[in-house]
Amino acid sequence: IAAAAAPDPDGGAQQQEQEQQQQPQSSSGGSPAPAAVAGHSQPSLLLHAELPVHGAVLSAMSEYFRTLIQSWQGTERRLQMLVGDDETLVAEALVEFMYTGELPQLRHDDMLRLMRLSDKFQVKNCPAACARRFADTPMEELSLDTVCAIFEWPGFLQEAQPFAGVSTKAWAKLLDVFGDLEAAWQDSTRRQQFLSLPIKAVRKLLASDQLAVVSEDTLLVALAGWIEAQARRSSSSGSTVSILGGAEACQQQQQQQPQPLQLQE
């Protein structure tokens, strides 16, 4: 397993582009071949570990690996998994799942990484198994950090199965903590937690008819406080945040589309 020197932020299109550029260097069949798991945040990769694997097992469990193995060329028996620096241990767990069909005990944030990584590498049954694990998690054990990470998912991912079930659980936790916004705003801990929520969570909360408030003034105060908190964070980091609506928002979003990542040999 290998990891890059620094973590790479999530970017589905960039990851897909990188995956397409991988050249398989492994054999199929029943004989073991080492699989290297590598970080992709920089062109230079740092080796983390190597795992002996069987092409037949990986082909049966993953369409991604089956495609690589079927098109394999060369004499070196090696597969590569390009992952983020914070995903190397999760990548090992993913290989373990392909052999055992069982999820290891992981923290909730690592379980989210495993769920997304298994979807990326098209590992059968793993995303659904992760979703069931989240569904069985008691609400009090689900942290707001995990909820925020789920709300940072792209919209299409939050709506796709089995990810939609995890998003529903995150929304239920959000309502459990902030559903009574009047009480939450009077509690200093929950107020600070609200000010740290991602914009998708704030937008959904304030637009929900399940939110309990005495008057709309509470919504305005909460929104103003959140904007001020984001402005302070952005000022300290040198970045800016804009909340736009209507045609202006669409135009701004189109103009700010990220450029595709250029990989160099």
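## Burial and cysteines

Buried means under 20% relative accessible area, exposed over 50%, and partly exposed in between, with a 1.4 Å probe on protein chains only. Cys130 counts as buried, at 0% relative accessibility. Cys148 is buried too, with a relative accessible area of 16%.

The model is predicted: local features need pLDDT of at least 70, side-chain atom pairs count only at pLDDT 80 or more, and totals for chains, interfaces and linings use all residues. Residues are numbered from 1 along each chain as its sequence is written, and side-chain values use heavy atoms, without hydrogens and water.

## Disulfides

A disulfide is a pair of cysteine sulfur atoms within 2.5 Å. The count is zero. For Cys130, the closest cysteine sulfur is that of Cys126, 4.2 Å away and too far for a bond.

## Aromatic pairs

Rings of Phe, Tyr and Trp (its six-membered ring) pair if their centres lie within 6.5 Å; planes under 30 degrees apart are stacked, over 60 edge-to-face, the rest tilted. The whole structure holds six aromatic pairs. One of them is Phe178 with Phe194, edge-to-face at 5.9 Å centre to centre and 70 degrees between the planes. Phe178 lies in helix 9 (residues 163-178) and Phe194 in helix 11 (residues 188-195), so the pair ties together parts 16 residues apart in sequence. Helices are DSSP runs (H or I, at least four residues), numbered from the N terminus.

Both Phe178 and Phe194 are buried. Trp185 and Phe194 also pair edge-to-face, at 5.7 Å centre to centre and 85 degrees between the planes. Trp185 is buried at 16% relative accessible area; Phe194 has 1% relative accessibility. Elsewhere, ring pairs link Tyr64, Phe65 and Phe121 into a cluster.

Technical notes:
Helices (H or I, at least four residues) and strands (E, at least two) are DSSP runs, numbered from the N terminus.
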